[in-house]
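Welcome! Take a moment to look over the chain before reading on.

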Amino acid sequence: MKAQTPKYFNSKLSLGILFLPLSLLYWGITKLKGKFARPYRSKARVVCVGNITLGGVGKTPLTIKIVEHLLSENVRVGILSRGYGGRLSSSMPVIVDTSIHTARDVGDEVFMMASKFKGVPVCICANRANGAKILEKDVDVIVMDDGLQNYKLQKDISVVVFDGKDSIGNGFIFPAGPLRESLKSGMVKADAVVITRCKNQKLEEKVRTFGIPVFNAKTVAKRIDIKPASEVIAFAGIGKPQKFYDSLKNSGLRVIKSFNFPDHYQYSKRDIENILDLAGGLPVLTTMKDFVKIPQNLCQKIIPVDIDLTISGEKKFFEIIRK
């Protein structure tokens, strides 16, 4: 007779309870950091786009959307990021120069934004206060991609992003659950909440009890020069690659095969050649974040897809950003 696994080992909730002591330790350390922090107050307004859950929720697309809006209003804006995955990320600020830096140097998301926004200063620095001190010399608004739990820099506006499908999981703090901090402590910091991917009525109701305005957003692929209903191959090395494939399907394309890679994956020549061989001549699409890491001599064989974010109640959302 085959031995059966006890039911409690199949429960995420029960497994989460096993890690609660470590979660309490993690929570305690975070609280102490916040209590004794003396954040730097920048001369520029700081808009933080953050999250309280682990994993990709759509912070970078929202950061890009905010920067685009501010530029359309003729606001001098700069971007601040830790530069996750980049080998130059440290407490010393680095202004990204795409003519000398690579995605491996500064991180794929940062390099993508620096490539997209020519003339917009993009700074990477693990110590956000040091980064802000550099940017504030030339900008009026600093948009910080991630950093809600960073206490080095005072924020003027904080937007908390959730993935509507994943929500807050079992509601426990890491490692017992997916939260970086409790929902309550995150909402105390928030001026607005954006839920991406899909609507989540239950999550919306929880957030609204804190008096926080909630907006829904979805990612859509910008115009692709491929006929509708065409068969394509896609690959991605992002937190939740299915979101990218769904955006292609929503654009009318038929994704007949897809290849997933770890988030922030650094592609080799062989990786891309293998995908092209398996594609059999069909168009191969990937995200802009992945495209900036493709070996230069193979870039012309891959189609990068730019993603746009549409926000419900966009006018009201940007009123909060500008206040």
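## Charges and ground rules

How far apart are the mean positions of the 50 positive and 30 negative charges of the protein chain? They are 6 Å apart. Here Lys and Arg count as positive and Asp and Glu as negative, while His and the chain ends are not counted; each charge is placed at NZ of Lys, CZ of Arg, CG of Asp or CD of Glu.

Please keep in mind that this is a predicted model, where local features need pLDDT of at least 70 and side-chain atom pairs count only at pLDDT 80 or more, while totals for chains, interfaces and linings use all residues. Residues are numbered from 1 along each chain as its sequence is written, and side-chain values use heavy atoms, with hydrogens and water left out.

## The overall build

The protein chain contains twelve helices and 13 strands (DSSP runs numbered from the N terminus: H or I of at least four residues for helices, E of at least two for strands). Along the principal axes, its C-alpha atoms fill a box of roughly 70 × 55 × 40 Å.

Of the 323 residues, 48% are buried. Buried means under 20% relative accessible area, exposed means over 50%, and partly exposed lies in between, using a 1.4 Å probe and protein chains only.

## Inside the cores

In soluble globular proteins, nonpolar side chains tend to be buried together. A nonpolar core is a set of buried Ala, Val, Leu, Ile, Met, Phe, Trp, Tyr and Cys residues joined through side-chain atoms within 4.5 Å. The largest one has 38 residues, and Leu62, Ile66, Val143, Phe317 and Ile321 touch the most other members. A second, separate core has 27 residues, including Cys123, Leu153, Leu183 and Ile195.

Let's visit leucine 62. Setting aside neighbours within four places in sequence, its contacts (heavy atoms within 4.5 Å) include Val49, Val159, Leu309 and Phe317.

## A helix under cover

Helix α5 spans residues 108-116, and its buried residues are Asp108, Val110, Phe111, Met112, Met113 and Ala114. Among the elements covering them are α3 (59-72), β2 (77-81) and β5 (141-145).

Threonine 53 sits in the loop between β1 (45-50) and α3. This residue counts as buried because its relative accessibility is 4%. Beyond neighbours within four places in sequence, threonine 53 is in contact with Phe162, Ser167, Ile168, Pro178, Leu179 and Arg180.

Glycine 28 belongs to helix α2 (residues 20-36). With 22% relative accessibility, glycine 28 counts as partly exposed. Glycine 28 and serine 182 are 154 residues apart in sequence, and their C-alpha atoms are 11 Å apart in space.
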